[in-house]
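Please look over the sequence and the structure shown below before reading on. The report that follows takes up the helices, then the sheet, and then a residue beyond the sheet.

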Amino acid sequence: MSMSWPELRAFTSAIGTLLTVHAVTVEVHETGLALAERHTLSIYDAMIVAAALHADCDTLWSEDMQHDMVIDNRLRIVNPFRVAP
């Protein structure tokens, strides 16, 4: 997006006023490691999934992960750009 550091800080600050921000805790990190191993996710994707689980999300929008995959029987991954067959 070619933002300067001050512009990026202002943007993320504005987003933080609109959304609930959850800290990445040791528990989230440990969950992410277990998910990466169990589901053969990249460590980055696993940390995103772990954060979503700890935030009690039921849907995770991602174009990179497997569409319709369900994690721990409660988090469904949905590709927002998938065209229905």
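**How the helices cross**

The crossing of H2 and H3 is right-handed, a term used when the near helix is turned clockwise from the far one by less than a right angle, anticlockwise being left-handed. This is a predicted model, in which local features need pLDDT of at least 70 and side-chain atom pairs count only at pLDDT 80 or more, while totals for chains, interfaces and linings use all residues. Residues are numbered from 1 along each chain as its sequence is written, and side-chain values use heavy atoms, with hydrogens and water left out.

Helix H2 covers residues 26-39 and helix H3 residues 43-54, and their axes come within 8 Å and cross at roughly 125°. Axes here are lines fitted to C-alpha atoms, for helices over the stretch in contact, with angles from 0 to 180 degrees between N-to-C directions. The two helices are therefore oblique to each other, given that angles under 35 degrees count as roughly parallel, over 145 as roughly antiparallel, 65 to 115 as roughly perpendicular and the rest as oblique. Helices (H or I, at least four residues) and strands (E, at least two) are DSSP runs, numbered from the N terminus.

**Where the helices meet**

On the H2 side the contact includes Val28, Leu33 and Leu35, and on the H3 side it includes Ile43, Met47 and Val49, contact meaning heavy atoms within 4.5 Å. By class, the contact of H2 with H3 has 11 nonpolar, 4 polar and 1 charged residues; Ala, Val, Leu, Ile, Met, Phe, Trp, Tyr, Cys and Pro count as nonpolar, Asp, Glu, Lys and Arg as charged, and the others, Gly among them, as polar.

**The sheet**

An open sheet is formed by 3 strands in the order S1-S3-S2, with mixed pairing, where two strands pair if DSSP finds at least two bridges between them. S1 (59-61) and S2 (70-71) are the edge strands, each pairing on one side only. S1 and S3 pair in the parallel sense over 3 bridges, and Trp61 stands opposite Val78 in S3.

S2 pairs with S3 (residues 75-78) in the antiparallel sense over 2 bridges, and Val70 stands opposite Arg76 in S3. These two strands form a hairpin with 3 residues between them, and Asp72 in the turn has a positive phi of about 50°. H3 lies across S1, S2 and S3, running at about 135° to S3.

Asn79 is found in the segment after S3. Asn79 is buried, with a relative accessible area of 18% (buried means under 20%, exposed over 50%, partly exposed in between, with a 1.4 Å probe and protein chains only). Not counting residues up to four places away in sequence, Asn79 touches Ser62, Glu63 and His67.
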